[in-house]
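Here's a walk through one model, helix by helix and ring by ring. Have the coordinates open while you read.

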Amino acid sequence: MDFMTLNGWIEIIGTILGLVYVYYQYKASPKLWWACCISAVPLIYLNFYKGYLATGLLYLYYFVMAVWQLTHTSKASQEAEVLRIARVPKHEWLRIAIGTSVVFAILFSATQTGFFGLLNLLDMPAQKTLLSVAIADSAATTLCFVGMWLLSKNYLEQWYAWLTADVLFFYMYFGGGNYLLMGMMIFYIIVSVIGLLNWQRLYKEQMLLKANV
């Protein structure tokens, strides 16, 4: 098995594991953190190898966040059937906007400078990308950073971040000819819409149950 064939298998495995994670996320199940932790590993490698630097860092962030959730969340919360869904408080939006702008600026600067020498340090090939692709990579990754933070707080608005990011990722993977990952992004776009509707339903049910207690 040559190296490129090995990468192809890693891409397939990462895609399948990613779908498992998305299923649990759609269901608002605490099991999503186990799925996130496992599915992030092959995609960390794959994106760094292909030169999608910000995206590779994103999956590393997913892995760290998943491990943090698994080690800092109570056993009762992890064994619950459904997460307790909340909405973003109004006073949080300014902080989110500022944080989003700062993260995008850092990521875009990093991609334009060889990720501050990270690729040379790891002896990995740096691949030239179009400016529009680099912007899409950084913007989508930023939205996913925000989306993961929102998810860690069980905020319903996480789905808006994922939906926008998935559209940008589709454009990025289209430009790179990564058709399997393009197909995964189409699926994610659909799931983001369905997931948003499902979380809205669960949120209304939880609020109604809380009001009747």
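Predicted model: local features only at pLDDT ≥ 70, side-chain atom pairs only at ≥ 80, totals over all residues.

Residues are numbered from 1 along each chain as its sequence is written, and side-chain values use heavy atoms, with hydrogens and water left out.

Back to α8 itself. Helices here are DSSP runs (H or I, at least four residues), numbered from the N terminus. α8 covers residues 158-176 and reaches 27 Å from its first C-alpha to its last. That is close to the 27 Å expected at 1.5 Å a residue, the expected span being 1.5 Å times one less than the number of residues. Its buried residues are Gln158, Trp159, Ala161, Trp162, Ala165, Asp166, Phe169, Met172 and Tyr173. Looking down the axis of α8, these fall within an arc of 130 degrees, so they line one face of the helix. (The arc is that of the directions from the helix axis to the C-beta atoms; buried means under 20% relative accessible area, exposed over 50%, partly exposed in between, with a 1.4 Å probe and protein chains only.) Phe174 and Gly175 are exposed on the other side of α8.

Helix α5 (residues 93-111) also has its buried residues on one side. They are Ile96, Leu107, Ala110 and Thr111, and they cover an arc of only 90 degrees around the axis, which puts them on the same side of α5.

Now for the packing. A nonpolar core is a set of buried Ala, Val, Leu, Ile, Met, Phe, Trp, Tyr and Cys residues joined through side-chain atoms within 4.5 Å. The largest one has 46 residues, and Tyr21, Tyr62, Met148, Phe169, Tyr173 and Trp199 touch the most other members. At least two residues of this core come from each of α1 (3-26), α2, α3 (53-72), α7 (131-152), α8 and α9 (179-212). Beyond its neighbours within four places in sequence, Phe169 is in contact (heavy atoms within 4.5 Å) with Thr55, Leu58, Ala140, Thr141, Cys144 and Met185. A second, separate core of five residues includes Val88, Val146, Leu150 and Tyr155.

What about the rings? The structure holds ten aromatic pairs. Rings of Phe, Tyr and Trp (its six-membered ring) pair if their centres lie within 6.5 Å; planes under 30 degrees apart count as stacked, over 60 as edge-to-face and the rest as tilted. Here are two of the pairs:

| Pair | Type | Centre to centre | Angle between planes |
|---|---|---|---|
| Tyr61 and Phe145 | tilted | 4.3 Å | 40 degrees |
| Phe170 and Phe174 | stacked | 6.5 Å | 20 degrees |

Tyr61 in helix α3 and Phe145 in helix α7 are 84 residues apart, so that pair links distant parts of the chain, and Phe145 is buried at 15% relative accessible area. Phe170 and Phe174, by contrast, sit four residues apart in α8, about one helical turn. Phe170 is partly exposed at 27%, and Phe174 is exposed at 51%. Ring pairs also link Tyr59, Tyr62 and Trp162 into a cluster.

Not counting residues up to four places away in sequence, Ser39 touches Leu17, Gly18 and Tyr21.
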